[in-house]
Amino acid sequence: MSFAAAFFYLFAFILVASAFMVISSRNPVHSVLFLILAFVNAAGLFILIGAEFLALILVVVYVGAVAVLFLFVVMMLDVDFVELRQGFLQYLPVGLLIGLIFLAELVLVVGSWAMGPGISTLAQNAVMTYPRGNTYALGQVLYTDYIYYFQIAGFVLLVAMIGAIVLTLRHKPNVKRQNISAQVARTAKSAVEVVKVRPGQGI
């Protein structure tokens with residue numbers, strides 16, 4: 001067994017085990033920590049296939065931002081997970097059926113798997129096409145070959161973000177808000193009121 005193959009089996013075993021612990025752990029904080037471990041081992045697999053940029057993005061973005069943010073959200077919300085699990089048994093038959101369907105699909109995929117005839121020379125062709133590295137190759141593919149699809153994907157994400165803000169925004173009727181147009185249109189007559197107070201009387 002070669003050095004790279006040994007690390008592949010090590011990273012793959014820890015990745016599968018940590019992914020299983022994400023869904024089987026009773027403590028949500030432990031689930032997030034196992035999720036971070038799964039991300040780190042997936043980054044190790046990316047490094048083994050020569051995709052260092054994707055490995056760094058996986059660690060920096062997902063581990064450094066998404067997983068840690070999710071961890072703090074879980075710790076701060078203090079959700080009562082015991083109450084959430086009370087109706088678990090009534091959905092168990094449907095969950096088992098869906099799980100068996102996914103298991104059958106995985107068995108069919110693994111059983112019919114076969115390596116392509118030109119897969120061994122694919123990495124060599126990629127190195128010859130983009131000799132500057134995988135970061136340059138990824139940028140070349142995204143921002144040159146598929147620039148229109150990339151812009152469309154960004155536009156779809158922008159629309160989804162605006163839609164989420166519009167759907168979750170709630171205006172409370174008794175809350176004072178700033179009206180900039182009314183402030184700009186104010187004059188001295190509308191802003192200042194002169195009140196004559198008689199002697200011995202208050203305002």
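## Overall picture

What share of the contacts in the protein with a separation of 6 or more comes from residues 24 or more positions apart? The share is 51%, where a contact means heavy atoms within 4.5 Å. Before going further, a word on the ground rules: this is a predicted model, in which local features need pLDDT of at least 70 and side-chain atom pairs count only at pLDDT 80 or more, while totals for chains, interfaces and linings use all residues. Residues are numbered from 1 along each chain as its sequence is written, and side-chain values use heavy atoms, with hydrogens and water left out.

The protein has 10 helices and zero strands, giving the pattern α-α-α-α-α-α-α-α-α-α along the sequence. Both kinds of element are DSSP runs numbered from the N terminus: helices are H or I with at least four residues, and strands are E with at least two.

## Burial and surface

Of the 203 residues in the protein, 11% are buried. Here buried means under 20% relative accessible area, exposed means over 50%, and partly exposed lies in between (1.4 Å probe, protein chains only). The protein exposes about 17,300 Å², and carbon and sulfur atoms supply 72% of that area. These areas come from the Shrake-Rupley method with a 1.4 Å probe; for residues, only the protein chains shown count as cover.

## The nonpolar core

Let us look inside. The largest nonpolar core has eight residues: Ile36, Phe39, Ala42, Ala43, Ala55, Leu58, Val63 and Ala67. Helix H2 (28-48) and helix H3 (52-77) are the elements that give two or more residues to this core. Such a core is a set of buried Ala, Val, Leu, Ile, Met, Phe, Trp, Tyr and Cys residues joined through side-chain atoms within 4.5 Å.

Leaving out residues up to four places away in sequence, Ala43 touches Ala55, Leu58 and Val59. Helix H2 also holds Asn41, which counts as buried because its relative accessibility is 5%. With residues up to four places away again not counted, Asn41 touches Phe11, Ile14 and Leu15.

## The nonpolar surface patch

Helix H1 (residues 3-24) gives the most to the patch, with five residues. Phe7 sits in helix H1 and is partly exposed, with a relative accessible area of 30%.

## Aromatic rings

The structure holds five aromatic pairs. The rings of Phe8 and Tyr9 form an edge-to-face pair, because their centres are 5.5 Å apart and their planes lie at 65 degrees. The rings of Tyr146 and Tyr149 have centres 6.1 Å apart and planes at 50 degrees, so this pair is tilted. Rings of Phe, Tyr and Trp (its six-membered ring) pair if their centres lie within 6.5 Å; planes under 30 degrees apart count as stacked, over 60 as edge-to-face and the rest as tilted.

Phe8 is partly exposed at 42% relative accessible area. Tyr146 is partly exposed at 47%, whereas Tyr149 counts as exposed at 60%. Phe150 belongs to helix H8 (residues 147-168) and is partly exposed at 34%. Apart from neighbours within four places in sequence, Phe150 is in contact with Leu142 and Tyr143.
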